[in-house]
Amino acid sequence: MSSKKKELISLIFTGVVLSILLKQTFHLSGWRFVSDLFFALGMVCLVYGLYRQINNLGVFNSLKYGFRTVVRIILNKKPASGEIKTGYFEYVKSRPKHGSVPGILVISAGFLFISVIMAFVAG
(Lines give C-alpha, C1' and ligand atoms only; values in the text may rest on other atoms or scores of the structure.)
Protein backbone atom coordinates (compact mmCIF):
# COMPACT_ATOMS: atom_id res chain seq x y z
CA MET A 1 0.00 0.00 0.00
CA SER A 2 1.36 3.42 -0.91
CA SER A 3 2.07 6.09 1.66
CA LYS A 4 -0.71 8.33 0.30
CA LYS A 5 -3.28 5.60 0.86
CA LYS A 6 -1.97 4.96 4.37
CA GLU A 7 -2.09 8.68 5.06
CA LEU A 8 -5.68 8.97 3.85
CA ILE A 9 -6.76 5.87 5.80
CA SER A 10 -5.21 7.23 8.99
CA LEU A 11 -6.95 10.59 8.49
CA ILE A 12 -10.30 8.89 7.93
CA PHE A 13 -9.76 6.66 10.97
CA THR A 14 -8.95 9.71 13.11
CA GLY A 15 -12.07 11.52 11.89
CA VAL A 16 -14.30 8.51 12.55
CA VAL A 17 -12.91 8.09 16.07
CA LEU A 18 -13.43 11.80 16.73
CA SER A 19 -17.01 11.66 15.48
CA ILE A 20 -17.77 8.59 17.63
CA LEU A 21 -16.46 10.48 20.66
CA LEU A 22 -18.72 13.40 19.73
CA LYS A 23 -21.65 11.01 19.36
CA GLN A 24 -21.05 9.54 22.80
CA THR A 25 -20.61 12.96 24.39
CA PHE A 26 -23.61 14.73 22.87
CA HIS A 27 -25.89 11.66 22.35
CA LEU A 28 -26.30 12.24 18.62
CA SER A 29 -28.19 9.92 16.32
CA GLY A 30 -29.37 9.60 12.75
CA TRP A 31 -28.63 12.27 10.19
CA ARG A 32 -27.09 14.60 12.74
CA PHE A 33 -24.42 11.98 13.50
CA VAL A 34 -23.75 11.53 9.78
CA SER A 35 -23.40 15.29 9.38
CA ASP A 36 -20.99 15.46 12.32
CA LEU A 37 -19.07 12.49 10.94
CA PHE A 38 -18.42 14.28 7.65
CA PHE A 39 -17.62 17.52 9.49
CA ALA A 40 -15.04 15.74 11.68
CA LEU A 41 -13.51 14.09 8.61
CA GLY A 42 -13.34 17.44 6.83
CA MET A 43 -11.77 19.22 9.79
CA VAL A 44 -9.15 16.49 10.36
CA CYS A 45 -8.17 16.63 6.68
CA LEU A 46 -8.15 20.45 6.72
CA VAL A 47 -5.92 20.70 9.79
CA TYR A 48 -3.52 18.07 8.44
CA GLY A 49 -3.44 19.72 5.00
CA LEU A 50 -2.68 23.12 6.51
CA TYR A 51 0.04 21.57 8.68
CA ARG A 52 1.64 20.03 5.59
CA GLN A 53 1.37 23.32 3.69
CA ILE A 54 3.05 25.24 6.53
CA ASN A 55 5.87 22.68 6.52
CA ASN A 56 6.21 23.01 2.73
CA LEU A 57 6.49 26.77 3.00
CA GLY A 58 9.24 26.43 5.61
CA VAL A 59 7.60 28.76 8.09
CA PHE A 60 9.25 27.21 11.14
CA ASN A 61 12.54 26.02 9.59
CA SER A 62 14.65 28.53 11.48
CA LEU A 63 12.98 27.62 14.77
CA LYS A 64 13.56 23.88 14.21
CA TYR A 65 17.15 24.41 13.14
CA GLY A 66 17.90 26.69 16.08
CA PHE A 67 16.30 24.34 18.60
CA ARG A 68 18.24 21.34 17.28
CA THR A 69 21.47 23.34 17.37
CA VAL A 70 20.87 24.49 20.95
CA VAL A 71 20.06 20.95 22.09
CA ARG A 72 23.19 19.66 20.35
CA ILE A 73 25.28 22.31 22.11
CA ILE A 74 23.72 21.64 25.52
CA LEU A 75 24.20 17.88 25.19
CA ASN A 76 27.69 18.44 23.74
CA LYS A 77 26.93 16.05 20.89
CA LYS A 78 28.63 15.98 17.55
CA PRO A 79 26.33 15.23 14.61
CA ALA A 80 26.62 11.87 12.87
CA SER A 81 28.49 11.83 9.56
CA GLY A 82 25.29 11.53 7.49
CA GLU A 83 23.69 14.33 9.46
CA ILE A 84 26.38 16.97 9.03
CA LYS A 85 25.13 20.09 7.34
CA THR A 86 27.36 23.09 7.01
CA GLY A 87 24.67 25.61 7.85
CA TYR A 88 21.11 26.76 7.87
CA PHE A 89 20.70 27.01 4.10
CA GLU A 90 21.82 23.40 3.58
CA TYR A 91 19.35 22.36 6.27
CA VAL A 92 16.53 24.19 4.49
CA LYS A 93 17.45 22.65 1.14
CA SER A 94 17.48 19.16 2.67
CA ARG A 95 13.91 19.46 4.04
CA PRO A 96 11.47 17.20 2.14
CA LYS A 97 8.51 18.71 0.29
CA HIS A 98 5.09 17.07 0.31
CA GLY A 99 3.12 17.26 -2.91
CA SER A 100 -0.14 15.81 -1.63
CA VAL A 101 -1.35 19.04 0.01
CA PRO A 102 -3.84 20.18 -2.70
CA GLY A 103 -5.43 16.73 -2.80
CA ILE A 104 -5.92 16.66 0.96
CA LEU A 105 -7.46 20.14 0.91
CA VAL A 106 -9.84 19.18 -1.92
CA ILE A 107 -10.90 16.07 0.01
CA SER A 108 -11.43 18.26 3.07
CA ALA A 109 -13.63 20.67 1.11
CA GLY A 110 -15.65 17.72 -0.21
CA PHE A 111 -16.24 16.33 3.29
CA LEU A 112 -17.24 19.77 4.59
CA PHE A 113 -19.64 20.28 1.66
CA ILE A 114 -21.27 16.89 2.32
CA SER A 115 -21.51 17.85 5.99
CA VAL A 116 -23.44 21.03 5.13
CA ILE A 117 -25.82 19.07 2.89
CA MET A 118 -26.38 16.48 5.63
CA ALA A 119 -27.00 19.27 8.18
CA PHE A 120 -29.80 20.63 5.97
CA VAL A 121 -31.27 17.14 5.67
CA ALA A 122 -31.03 16.60 9.45
CA GLY A 123 -32.40 20.06 10.29
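Two rings of Phe, Tyr or Trp count as a pair if their centres lie within 6.5 Å. Planes under 30 degrees apart make the pair stacked, planes over 60 make it edge-to-face, and the rest are tilted. By that rule, this predicted model holds five aromatic pairs.

Take Phe38 and Phe111 to begin with. Their ring centres are 6.0 Å apart, and 35 degrees separate the planes. The pair is tilted. Phe38 belongs to helix H2 (residues 30-57) and Phe111 to helix H5 (residues 101-122), so the contact ties together parts that lie 73 residues apart in sequence. Both Phe38 and Phe111 are buried.

Now turn to Tyr65 and Tyr91. Here the centres are 5.3 Å apart and the planes meet at 45 degrees, so this pair is tilted. Tyr65 sits in helix H3 (residues 61-75), while Tyr91 sits in helix H4 (residues 88-94). The two are 26 residues apart, and their pair links distant parts of the chain.

How is each of these two tyrosines covered? Tyr65 has a relative accessible area of 23%, so it is partly exposed. Tyr91 has 6% relative accessibility and therefore counts as buried. The cut-off for buried is under 20%. Tyr65 and Tyr91 also belong to one aromatic cluster, together with Tyr88 and Phe89.

Another ring has a charged neighbour. Lys23 lies over the face of Phe33, 5.1 Å from the ring centre.

Next, the surface. Which residues make the nonpolar surface patch? Trp31, Phe113, Ile114, Ile117 and Val121 do, and the patch covers about 490 Å². H5 supplies the largest share of it, with four residues. Phe113 is placed in helix H5. With a relative accessible area of 55%, Phe113 is exposed, since exposed means over 50%. Helix H5 thus carries the exposed Phe113 as well as the buried Phe111.

Finally, step back to the whole chain. The protein has five helices and zero strands. Read from the N terminus, its elements run α-α-α-α-α. What is the radius of gyration of the protein? It is 20 Å, whereas a compact globule of 123 residues would have one near 14 Å. The C-alpha trace spans about 60 × 30 × 30 Å along its principal axes. Of the 123 residues, 24% count as buried.

Conventions
Residues numbered from 1 in each chain as written. Predicted model: local features only at pLDDT ≥ 70, side-chain atom pairs only at ≥ 80, totals over all residues. Heavy atoms only, no water. Buried < 20%, exposed > 50% of the residue type's maximum accessible area, 1.4 Å probe, protein only. Lys NZ or Arg CZ within 6 Å of the ring centre and 35° of its normal. Patch = residues over 30% accessible without salt bridge, like charges linked within 9 Å, V, L, I, M, F, W, Y side chains within 5 Å. Areas by Shrake-Rupley, 256 points an atom, 1.4 Å probe, with all protein chains shown as cover. Salt bridge = Lys/Arg side-chain N within 4 Å of Asp/Glu carboxyl O. Rg over C-alpha atoms; globule rule 2.2 N^0.38 Å.
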